[in-house]
Amino acid sequence: MPRTPLSQPRRQARRQERPAETVGAMRDGAAFDHAALDGAALDHTEPDGAALDRTRFDHTEPDRAALDDTELVSARAALSQGRRQAARSLLARTGDDWDRRGHRITVLALEPYAAAWAHAWLVAEPDSADAAVLLALAQVRRALRGRQTPAAARAACRAAAAAAPADPTPWLGLLMLEREGTADAVRIFEEVRARHRDHHHAHHRMIALLAERRADAGPDPLHEVYDFAAWAAEQAPADSPLAILPIVAHAERYRALALRGHAPADPTTALHWRDHRAADVMKAAFDWWLEWEHDGHPRLLVDLNFLAHAKFCEGLPAEAATLFRRIGDHVTPAPWSYPDRDPYAAFHAARTAALGHERPGR
């Protein structure tokens, strides 16, 4: 099965229509336009729970953000009670499984007092790279909530990067602080890729940044976010979940357009989900999932939520129902919150419509 979600003829046609300038920029570090991003919109783009950064903290949210990682749920609960040993042991066991490490640290960092606890841990164990990285990501969360300066969070991330030079997670923290798809964001993204070429979370974040470019101008079927997503999918191994990135790009671009009035607020009524590009990438992504799904990826449920959302918006409830059964109750804020909706209400309404009165998991 081909790795790319676009057929070969369509890929060649698109490359003839527009040079892959975004792909070249990502490889060569060329600067993007300094397009202003909507900060509130970007708060919706983090499937791991960063949508909380603009709201009152909900203590159930970190458990939701943990997805199906039961070890993480237990460690997070212990950390919320001021006991760091479970988190310490969890991160030690995680080792250099970078996607899992990034997922676990970003969820642990959601705790309101994670920064204080990580700081105490680092005082007790000054050479602990795990403590330094958790402190950095907790500082990022505080900065996103407006509780400290981004400069302080960036300094913490760079200190963590020095303490753990092989770890892409501090660079992910830096990328989470970026609000524009500038040359700086590109350089940070390349630092992540230099340490883990197929970093799931970083690719999602970069797509969210790119989707904002020229959103005020309205729909553009040749927008660079689509080029980037197709390129990244092509670069990944055949069984990589990055094959879903064209679906993510479609959802993020919808968000950016809908927030500016260029697409309906109800995604199920948007033609955006029913054009030729959408049909191609959605079929290919669904086929990829049927053939390649790996239960072991820590952020698989993020991809399944994007795919279920796309199939539901496309008007294919039978295919969406298959995905809803697989997801169960593990809803992620993105993309169900797009463009500005209650993600849990939107998810449950879509699931009910797709499954009728069947219980999830039946």
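**Salt bridges and helix packing**

Modeller: In this model, which is predicted, the side chains of R193 and E190 meet in a salt bridge, with 3.7 Å from N to O.

Biologist: Where do R193 and E190 lie?
Modeller: Both R193 and E190 belong to helix 12, residues 183–195, where they sit three residues apart, or about one turn of the helix.

Biologist: Is R193 buried or exposed?
Modeller: R193 counts as buried, because its relative accessibility is 12% and the cut-off for buried is under 20%. E190, with a relative accessible area of 22%, is partly exposed.

Biologist: How many salt bridges are there in the whole structure?
Modeller: A search of the whole structure finds 24 salt bridges.

Biologist: Which residue does E224 form a salt bridge with?
Modeller: E224 pairs with R214, and the closest N and O atoms of that salt bridge are 2.6 Å apart. This pair links distant parts of the chain, 10 residues apart, since E224 is in helix 14 while R214 is in the loop between helix 13 (200–211) and helix 14.

Biologist: And how accessible are E224 and R214?
Modeller: E224 is buried, with a relative accessible area of 1%, whereas R214, at 36% relative accessibility, counts as partly exposed.

Biologist: What about E252, which residue is its salt-bridge partner?
Modeller: E252 forms a salt bridge with R255, and their closest N and O atoms are 2.8 Å apart. E252 counts as buried at 1% relative accessibility, and R255 counts as buried at 0%. Salt bridges with shared partners also join E252 and R255 with E212, D216 and R260 into one network.

Biologist: Changing topic, at what angle do helix 14 and helix 15 pack?
Modeller: Helix 14 (residues 224–235) and helix 15 (residues 245–259) pack at an angle of about 160°, and their axes are 8 Å apart.

Biologist: Are they roughly parallel or roughly antiparallel?
Modeller: Helix 14 and helix 15 are roughly antiparallel to each other, because angles over 145 degrees count that way. Helix 14 also passes helix 15 in a right-handed crossing.

Biologist: Which residues meet there?
Modeller: From helix 14, V225, Y226, A229, A230, A232 and A233 take part, and they meet L245, P246, A249, H250 and R253 of helix 15. The residues of this contact divide into nine nonpolar, one polar and one charged.

Key: Residues numbered from 1 in each chain as written. Predicted model: local features only at pLDDT ≥ 70, side-chain atom pairs only at ≥ 80, totals over all residues. Heavy atoms only, no water. Axes fitted to C-alpha atoms, helices over the stretch in contact; angles between N-to-C directions. Helix = DSSP H or I, 4+ residues; strand = E, 2+ residues; numbered from the N terminus. Parallel < 35°, antiparallel > 145°, perpendicular 65-115°, else oblique. Left-handed = near helix turned anticlockwise from the far one by under 90°. Contact = heavy atoms within 4.5 Å. Nonpolar A, V, L, I, M, F, W, Y, C, P; charged D, E, K, R; others polar. Salt bridge = Lys/Arg side-chain N within 4 Å of Asp/Glu carboxyl O. Buried < 20%, exposed > 50% of the residue type's maximum accessible area, 1.4 Å probe, protein only.
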